[in-house]
Amino acid sequence: MNGSGSRIEIGALPGRPCSAAAALQVVGEKWTLLAVREIFFGNHRFEAIARNTGAPRDRLAARLRSLEHAGLVERRPYSERPPRHEYHLTEAGRDLAPVIRALLDWGDRWVHEEPPVVMVHEPATTTDAESRGEGEGDGSHGHDLDTAWICRTCGEEVVRGSLTVDVRSPGWDRTGPASAPATP
């Protein structure tokens with residue numbers, strides 16, 4: 001959904017009807033996701049986003065414009081002279097946080113020996129002793145985030161082998177088009 005509450009229009013895509021394919025039309029380019037990562041990390045100004053992504057400035061500007069057009073990012077003025085804007089994630093942009101987290105987890109497991117960035121979870125509730133640094137550990141009440149998929153319906157952790165695919169697009173099944181045209 002974009003800021004106006006309507007679906008993002010992307011047009012017809014070739015191949016299997018799939019929300020992943022549609023999402024990749026919007027965010028499936030390296031500089032796009034890296035810009036979202038930086039804004040998610042709290043870097044809102046163009047210079048910081050450019051520096052921290054390594055993106056060519058013209059390409060980054062184009063990606064930020066496309067994110068704004070798609071309703072994932074909004075520009076907010078911070079200077080009138082000269083006119084300057086910061087970039088902030090909308091609700092749709094903030095909903096990409098699990099995607100960024102999944103990419104970080106995968107990179108930590110398969111690319112880096114030691115994680116270069118660690119997400120820290122700050123629990124919403126702490127005891128007074130913990131907030132004064134008198135609790136267990138080093139006095140901080142945050143901890144490295146260890147994510148898991150939890151089914152909201154049954155409360156169980158989703159583990160390998162517990163998922164199946166239910167294709168609901170008319171004319172398609174798990175293997176492809178349900179009624180493939182005969183080849184001459």
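The model is predicted, so local features need pLDDT of at least 70, side-chain atom pairs count only at pLDDT 80 or more, and totals for chains, interfaces and linings use all residues. Residues are numbered from 1 along each chain as its sequence is written, and side-chain values use heavy atoms, with hydrogens and water left out.

**Overview. The chain holds seven helices and six strands.** Helices (H or I, at least four residues) and strands (E, at least two) are DSSP runs, numbered from the N terminus. Their order from the N terminus is α-α-α-α-β-β-α-α-β-α-β-β-β. Of the 184 residues, 22% are buried (under 20% relative accessible area with a 1.4 Å probe, protein chains only; exposed is over 50%, partly exposed in between).

**View 1. Helices H3 and H4 cross at roughly 120°.** H3 spans residues 46–53 and H4 residues 57–70; their axes come within 10 Å. Axes are lines fitted to C-alpha atoms, for helices over the stretch in contact, and angles run from 0 to 180 degrees between N-to-C directions. On the H3 side, the contact uses Phe46, Glu47, Ile49, Ala50 and Thr53. H4 brings Arg57, Leu60, Ala61 and Leu64. Contact means heavy atoms within 4.5 Å. Six residues of this contact are nonpolar, one is polar and two are charged.

**View 2. Helix H3 has several buried residues.** They are Phe46, Ala48, Ile49, Ala50 and Thr53. Their cover includes helix H2 (30–40), H4 and strand S2 (84–89). Gly54 follows H3 and has a positive phi, near 80°.

**View 3. Glu68 sits in helix H4.** Glu68 is partly exposed, with a relative accessible area of 32%. Leaving aside neighbours within four places in sequence, Glu68 contacts Val73 and Arg75.

View 4. Of its 15 lining residues, Arg101, Ala102, Asp105, Thr147 and Trp149 are the closest to the centre. A pocket is an open set of points on a 1 Å grid over the protein atoms alone, where a 1.4 Å probe fits, with protein on both sides within 12 Å along at least five of seven lines; lining residues have an atom within 4 Å of a point. Helix H6 (residues 97–110) gives the most to this lining, with nine residues.

Definitions and conventions:
Ala, Val, Leu, Ile, Met, Phe, Trp, Tyr, Cys and Pro count as nonpolar, Asp, Glu, Lys and Arg as charged, and the others, Gly among them, as polar.
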